[in-house]
Amino acid sequence: MDIIGLPSNFATLDWVIVVVYLAASLAVGIFANRFIHSISAYLVGGRASGTSLNVATYIGTGLGLVTLMYAAIDGFSHGFAYVTLAPIGFFTGVVLGTTGIVISPLRKLKLLTIPEYFERRFNRRTRVVGGVICAVAGILNMGLFPKMGAVFITYATGLHLHGDQELLVNLITSVLIIMVLVYTTLGGMVSVIITDYVQFVVLSFGMGLGVYFCLVHPELGWDTMLNALSEHRGERMFNPVAEGGYGWMWIAFNLLVFFVAGFCWAPEASRALTARNPKSARLTFLLASPAQFVRVGIPALWAVAAFTLVSKSPELTGYFFPEGFAGPASHAAEAMPMALGAIVPTGLLGILVAGLMAAFMSTHDSYLLCWSSVIARDVISPLRGGSLTGKQEIRATRIGVVAIGIFLLVWGIWYELPESVWTYMAVSGAVYTSGAGIVLLGGLYWKRASSAGALAALLTGLVALFGLFLDPVNAGLSELFNREVSISGHALGFATFFLCAIVFVVVSLLRPDKKEDSP
C-alpha cells in the first residue's frame, strides 16, 4: 500500500544544507587525525575533557537519531506514557552524579575501557570474557542504528514517494555507514568530542524547530493532540500501568537499565573516563540528568503529532492501524519523520534534518569507537600477553570499526524492526550490563567478590540473548508446555539482572579467590 497524504516540504535548499553540514563533519575527522599521537588520545581524548565539554558530548552521545526514532516509535503506540522514562533517567542521573557511585572510583583508576577493571580486580580471563560479551552486546545493540537513520531520511525527505521504500532504506543505510566510518576511523575520540559539541548545538536548534511547528501547526496544537490520544487510544496513552499499557514490570526493568547503564554501558560510561578528574566525571552525570526529559519528551511529542495527523486520514489510519485504533500500530517507525517532513517549512526542514543527522553521527562515532576499542584493548591485547603497542592498538581499533560497520550493514538489512525498538535496545544491552553491572558493584564494594563469581555472572548475562528472538522462543515454550506462553523482553531482562546477582554471590562464596590469586 502506497503512503499518500503527507507530502514532504524537503526541497533542493534543504539538501544543500544537509550536504554542506555532513561534508564539514567529514572534514573534521580528517583534520582531527593530525592530533592522534597516542592510544590515550585516540580512545579517551587524552583525558582532557572538562565538565562543560564532557556534559555536552555526553548528552550528544545519548541524544542520537536512533534515540529519537525509538522514542517516537513507542510514543506513536503509547503516547505520553513513554515519557515515564524521563523521570526514571533523571532520578538515576542524580543518584550517580551526587554519590559518584562506581564512576568516581573508575576515573581514579585512569582506565581506558571498563573491562580493563576486571583484570585489575579479578584476572585476565575475566577481562577477556567481559570484553567479548561487552563487544557482542554493544554491536547487537547498535545493529538497528543505521537502518533507523535511513528510515528517517527516507520519510522526512519524501523519498518514499518516489521509489521502492525498502530499496531506498537499504541504499541510504549503506551510505550512512560509510560516512560515519570515514571520520570515526580517522579521528578517534578527538573527532568525537569536537563534532559532538558542534552537533549538540545544531541538534538543540533543530529539535526546537520541531517542537515549535508541532504546537503552532493549524491541524495540531497541544489541545488537539491530547484530544486525539484520549479519543482514539484512551488512558494507556497517558498512564503506563493502565490496561493495555506497559505495566509495572516495564517500569522496574527500566529503573535497572538506566541505573546500571550509567556506570557500565561503555558509550555513556566512557564519559567518566574522558573527564579531567573524578569531580568532572561526577558532575557530568549530575548536570546531564535533566536532558532525559529532552531525549524522551520531545520525540514523544513529535510522535503524538504524527498520530494526530494520521487519525485525521482514514487512508493513513488503515495503513498505520490495520486492526483499528484499539489494535497495535504498524509501520510506526515511518510516522514521525513523515509528519515532520509535512509540517516543517522548506529551509527550516533542512536545518532540522541536519541537526538530526548530527545526532545520528554523534551516537555512531562514540559507539563504534567504544566497541572496537574494547575488542582491541580488552580481547586481542590480553590474549597476546598485553604486547600490543599504542600504534598497534590504534590500528586494531580502526580495523574493528570497519568490521563492525560491515556487520551493521548486514544486520540492519536482515533484522526487521521490532514493535518496540527501545525494548530491543534495553534487552540487547542487558546481555552485558546485567552481568557487568553486578561485577562492577561487587568488585568495588564487596571484599568477598571472587574471580569465579565474576566470570559466572558475566556468562549468566547471555541469557538476555533470548530476548532478541522472543517469537520463536515463546512458540517453542508454548509447544513444550502445551499452552500459550508469552514472555516479554522487559520481563526477561529484569529476571536476567537478578539471576546474575544471585549467581555472582553464590559462586563467589563457594569459590573464593586464593590469597595468591587476589589482586
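Trp 222 has its place in helix α11 (residues 222-232), where helices (H or I, at least four residues) are DSSP runs numbered from the N terminus. The model is a predicted one, in which local features need pLDDT of at least 70 and side-chain atom pairs count only at pLDDT 80 or more, while totals for chains, interfaces and linings use all residues. Residues are numbered from 1 along each chain as its sequence is written, and side-chain values use heavy atoms, with hydrogens and water left out.

Together with Tyr 212, Leu 215 and Val 216, Trp 222 forms a nonpolar patch on the surface, with about 400 Å² of accessible area together. Such a patch is made of residues with over 30% relative accessible area and no salt bridge, its nonpolar side chains (Val, Leu, Ile, Met, Phe, Trp, Tyr) being joined within 5 Å, and accessible areas come from the Shrake-Rupley method with a 1.4 Å probe, only the protein chains shown counting as cover for residues. Helix α10 (residues 165-216) gives the most to this patch, with three residues.

Two packed helices are described by the angle between their axes and the distance between the axes. Helix α15 (residues 291-311) and helix α17 (residues 332-343) pack at an angle of about 80 degrees, with their axes 8 Å apart; axes are lines fitted to C-alpha atoms over the stretch in contact, and angles run from 0 to 180 degrees between N-to-C directions. Helices α15 and α17 are therefore roughly perpendicular to each other, a term that covers 65 to 115 degrees. Trp 302, Ala 303, Ala 306 and Leu 309 of α15 make the contact with Ala 335, Met 336, Ala 339, Leu 340 and Ile 343 of α17, contact meaning heavy atoms within 4.5 Å.

Turning to charged side chains, a search of the whole structure finds five salt bridges, each a side-chain nitrogen of Lys or Arg within 4 Å of a carboxyl oxygen of Asp or Glu.

How values were computed
Patch = residues over 30% accessible without salt bridge, like charges linked within 9 Å, V, L, I, M, F, W, Y side chains within 5 Å. Helix = DSSP H or I, 4+ residues; strand = E, 2+ residues; numbered from the N terminus. Parallel < 35°, antiparallel > 145°, perpendicular 65-115°, else oblique.
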